[in-house]
Amino acid sequence: MHISEGVLSGQIMAAGGVLAIAGTAIGLKNIDYDKIVNIAILSSAFFVASLIHVNIGPSSVHLILNGIVGILLGWAAFPAILVALLLQVVFFQYGGLTPLGVNTVIMAVPAIFVYYVFSPFIWKSYKITFTASFFAGAFSVFFSAILLGSALYLTEKNFLEVTILILGAHLPVIIIEGIITGFCVTFFKKVYPEILPNLQKLE
Amino acid sequence: MISIVISGTKIKRIALMILLFSILLFPVNLLAHKVYVFAWAENGTIFTESKFSSSKWVKNGKIFIQDEKGKVLLTGVTHNNGTFSFKIPENLQSHLIIKLDAGMGHKAEWKLDFDEITQANKGESSKATAEKKQEEKIKDPSIVNVIVGILIIFVFFLFIAFYNKKLLNNKNDRK
């Protein structure tokens with residue numbers, strides 16, 4: 001789900017860059033000192049996730065993990081995703097430097113959205129935790145696909161067609177991300193609840 | 001004083017790191033969804049092949065053939081096996097740029113030198129040259145790239161932690 005160089009117009013890339021800088025600034029300002037290591041670990045997981053391919057029938061998809069990064073980190077997801085995407089450009093040549101801001105927004109905005117919508121539910125029973133995390137993982141990819149379609153609309157000019165194509169291609173990822181996020185968040189709640197946001201609500 | 005006592009939180013953090021880094025041990029292909037197009041000239045025809053780095057051919061990808069000034073000479077669509085070919089345009093005086101739009105934000109391009117095109121008009125093939133250039137272009141991510149990337153992420157966030165702590169200490173000193 002990386003947009004390559006030369007796809008988007010200058011205005012869209014500039015707007016994406018400004019939004020990414022603003023989001024990253026808010027994220028860095030709100031970083032909890034005690035959670036820095038967790039942010040680095042999740043940023044590393046996001047960096048590596050795009051290399052993990054899952055073969056489903058004739059197609060091959062890769063993990064994104066912006067849902068789990070979002071639900072666990074909140075606004076800190078912005079710098080975590082920006083750094084990971086930048087390193088993916090440098091080391092793997094995915095995407096590009098000029099659309100980096102747009103790519104960051106496409107991944108990080110859904111991450112923050114699922115943080116606000118689903119993170120309050122992770123403190124309920126384990127079943128609700130799993131369900132909320134599943135939807136956080138699935139919805140973040142779904143929302144990213146919509147944002148990707150919106151960004152491409154300005155060049156392709158057929159939003160619905162492009163978005164349906166993107167959603168169709170990412171349907172397996174939406175389900176897999178949901179399951180992985182569900183299992184991971186439930187697992188963290190059992191063994192390492194400190195990584196979850198608003199730990200005081202547990203006490 | 002250096003404390004050698006490892007708290008429960010630290011142990012859990014180490015366990016989490018081991019869990020996440022164990023992802024690296026999965027038998028996966030270190031490949032993702034970068035897209036490539038490459039082209040060669042042979043017997044008056046230019047052949048193109050388009051594929052994703054996951055070795056899947058690009059089906060129905062849009063191909064644009066441009067001259068050195070960026071003028072689009074012809075367009076086409078890749079077949080199911082990622083190929084698209086066309087006759088060398090008459091009176092061609094420059095190299096060609098073959099651009100691929102595989103959809104969903106994936107684009108790639110290939111420059112076909114004028115020398116290769118003129119040799120093809122004499123009945124020679126530039127496939128071997130193109131394949132060599134293609135091999136140089138496609139560099140799969142290595143485990144070293146992954147490890148260095150992760151180290152950079154940790155150094156970056158440790159720097160942020162250091163900076164944040166310094167700011168916090170300055171605030172406390174003022175109070």
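Reader: Which residue is the bridge partner of Glu42(B) in E2(B)?

Author: Thr45(B) is that partner. The model is predicted, with local features needing pLDDT of at least 70, side-chain atom pairs pLDDT 80 or more, and totals for chains, interfaces and linings using all residues. Residues count from 1 along each chain as written, chains are lettered from A and ligands numbered from 1 in written order, and side-chain values use heavy atoms, without hydrogens and water.

Reader: What makes E1(B) and strand E2 of chain B a pair?

Author: Two strands pair if DSSP finds at least two bridges between them. E1(B) and E2 (residues 45–52) have eight, in the antiparallel sense. So they pair by this definition.

Reader: Why do strands E1 and E5 of chain B count as edges?

Author: The open sheet runs E1-E2-E5 in chain B, with antiparallel pairing. E1 (35–42) and E5 (83–87) each have a single partner strand, so one side of each lacks a neighbour in the sheet.

Reader: What are the elements of chain A called, and by what rule?

Author: Helices are DSSP runs of H or I, at least four residues; strands are runs of E, at least two; both are numbered from the N terminus. Chain A has seven helices and two strands. From the N terminus their order is α-α-β-β-α-α-α-α-α.

Reader: How many residues of chain A count as buried, in percent?

Author: Buried means under 20% relative accessible area, exposed over 50%, partly exposed in between (1.4 Å probe, protein chains only). Of the 203 residues of chain A, 58% fall under the buried cut-off.
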